[in-house]
Structure formats: C-alpha cells, structure tokens
Amino acid sequence: MLRALAVDDERPSLEELLYLLNADPRIGSVEGAGDATEALRRINRALESGPDGPEAIDVVFLDIQMPGLDGLDLARLLTGFARPPLVVFVTAHEDFAVQAFDLKAVDYVLKPVRKERLAEAVRRADAQRGTTPPGPAQRIPVHEPDPDHIAVELGGVTRFVAVDDITHVEAQGDYARLHTDRGSHLVRIPLSTLEERWRSRGFVRIHRRHLVALRHIGELRLDAGTVSVLIGSEELQVSRRHARELRDLLMRRTTG
C-alpha cells in the first residue's frame, strides 16, 4: 500500500485531499503538510529512514502555488535526490502542466478534485512504485466520441471541444494549446500528431509552432517580404518554408 504525503497551504483543500486519499484502499497511510518547506523536512526524514523505514513516503500529492517555496521548486529539489518519492501535482491552474511533466510528475490533477480523477492518479502512482526512475506520465486515454471532437480536461472535468471551433494550435513542448474564440485548452498531444490528424479538416502548418484552420484565417498579410495571417485579433507569423503552400491553399479555397 502507498504511503502518501499531501501538501497544500490552504487548509480546506488539504483536509479534502486527505479525506479523499484516506478513502482510497490503495493508500496505506497519508499525512499532511501546510507548505513546501514543511514537506521538504518531512521528506528528508523519510529518506533518512530508508525505503522500508517507518517514515517512508512513496508519493507526494503537491499543490503548486504556495507562499515561499512553491510546488515546482520542491519538485525540482526532489529530482536531485537518489530515491525521491513520486510526485502528483494537485492544482487549480492548468498553465503549469508542461513544467510539471518535465519534472517527471506521475500525474497532474486539477482542482476542484474529483474522487474518480484522484483515484486514477493513485492508480498511476501505484503502478510506477518500485520501477526504475519514473518517467513522464502519459496522457490519460479518453475515447473521443467522434472525429469531430477532442477531449480536454478543464477544472477536473473532461469536456469535448468541437474541432470546427478550434482557430489555431500552438506547440508547447510535448503539448499543444488549442485556441478557440472562447479560450484555450492544453492537451498532451504533439503538434505533429494533430497536423496529421486534422490535415483533411483544413488545418495547415504555417510555422514550427503553429497549426491553423484555413476557415478561420481573416487576412493574409505581406509586409517587406514577411508573411503573416490574421486569426480574429491575433496575428501569426508564417515561416518562409510554409508561405507558398499557404498562399496556394488559400487561392484554391477562394477560387474553388
């Protein structure tokens, strides 16, 4: 059974997390810490006692935004340890996912925490315990209802965004940020995968960082040899290698 440490500077959130973890049969014991500094002291004691010692910790459920030493700082410190505990981030902010998985987090759970979503994080931690160093977590497989939608997680809830609503996609490491008129969503899918998947749906690569939907391009701009497109109020640069293909596609679309 897993020995866990929950870390959150907001007492109600910490108590809720402790309650949910205690209710999971795979959790043998769980303690709480009110900040990252307290958690680091607790982890140091656990490492000194050894993996089978009475104070050992298998996994840390870690908030990110905390005063002083924050969750990402603590996770970076743990990467320097010989046998660090696994880390699951539990946060209200989706913007730190790329950094979290770069730090080899097992999972990234958004608040408000759902029991089922936390159970999946516990399952992943349990599966990785005892393996040689834990690698970055993979995207939770979600069966999309049809090719016209893509699954995203928002506030701990899985939602389905219509592909036709996506204006453009921005590469962020191994992730992609999907932009719509109503906001953006971060998904753990490389831009190259989405380019291949959505090519037949009118998406075209204009830059190593951007994939755009042709139907959402409002203007094609030429200025002193540089090319850009206007999508809503946002102007995106087109690289030289993609400029000719984009012009041809837009021309065919107009004349067709």
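Of the contacts in the chain with a separation of 6 or more, 53% are accounted for by residues 24 or more positions apart. The model is a predicted one, and its chain holds 7 helices and 15 strands, with buried residues making up 46% of the 256 residues.

**Packing of helix α1 with helix α5**

- Helix α1, which covers residues 11-22, and helix α5, which covers residues 115-128, have axes that come within 10 Å and cross at roughly 65 degrees.
- Because angles of 65 to 115 degrees count as roughly perpendicular, α1 and α5 are described as roughly perpendicular to each other, and the crossing in which α1 passes α5 is right-handed.
- On the α1 side the residues that meet the partner helix are L17, L20 and L21, while on the α5 side they are K115, L118 and V122.
- Sorted by class, this contact of α1 with α5 has 5 nonpolar residues, no polar residues and 1 charged residue.

**Packing of helix α2 with helix α3**

- Helix α2 (residues 36-49) packs with helix α3 (residues 71-78) at an angle of about 20 degrees, and their axes are 10 Å apart.
- Since angles under 35 degrees count as roughly parallel, α2 and α3 are taken to be roughly parallel to each other, and their crossing is right-handed.
- The contact is made by A36, A39, L40 and I43 from α2 together with L74, L77 and L78 from α3.
- Divided by class, the residues of the contact between α2 and α3 are 7 nonpolar, no polar and no charged.

- D107 is found in strand β5, which spans residues 107-110, and with a relative accessible area of 1% D107 is buried, since buried means under 20%.
- The side chain of D107 makes a polar contact of 2.8 Å with the side chain of R117.
- E170 lies in strand β8, which spans residues 166-172, and E170 is likewise classed as buried, with a relative accessible area of 16%.
- The side chains of E170 and R209 are joined by a polar contact of 2.5 Å.

**Two buried leucines in strands**

- L5 lies in strand β1, made up of residues 2-7, and L5 is buried, with a relative accessible area of 1%.
- Not counting residues up to four places away in sequence, L5 touches E31, G32, A33, A39, R42, I43, I57, V59, V60 and F61; A39 and I43 are also among the residues that α2 brings to its contact with α3.
- The C-alpha atoms of L5 and A56 are separated by 9.8 Å, although these residues stand 51 residues apart along the chain.
- L186 has its place in strand β10, made up of residues 183-187, and at 12% relative accessibility L186 counts as buried.
- Between the C-alpha atoms of L186 and V169, which are 17 residues apart along the chain, the separation is 9.7 Å.

- K104 is found in the loop between α4 (97-102) and β5, and K104 has a positive phi of about 65 degrees although it is not a glycine.
- At 46% relative accessibility K104 counts as partly exposed, because that class lies between the 20% limit for buried residues and the 50% limit for exposed ones.
- P112 is placed in the loop between β5 and α5, and the peptide bond that leads from K111 to P112 is cis, with an omega near -5 degrees.

Technical notes: Residues numbered from 1 in each chain as written. Predicted model: local features only at pLDDT ≥ 70, side-chain atom pairs only at ≥ 80, totals over all residues. Heavy atoms only, no water. Helix = DSSP H or I, 4+ residues; strand = E, 2+ residues; numbered from the N terminus. Buried < 20%, exposed > 50% of the residue type's maximum accessible area, 1.4 Å probe, protein only. Polar contact = N/O pair within 3.5 Å; in protein donor to acceptor, adjacent residues only side chain to side chain. Axes fitted to C-alpha atoms, helices over the stretch in contact; angles between N-to-C directions. Parallel < 35°, antiparallel > 145°, perpendicular 65-115°, else oblique. Left-handed = near helix turned anticlockwise from the far one by under 90°. Contact = heavy atoms within 4.5 Å. Nonpolar A, V, L, I, M, F, W, Y, C, P; charged D, E, K, R; others polar.
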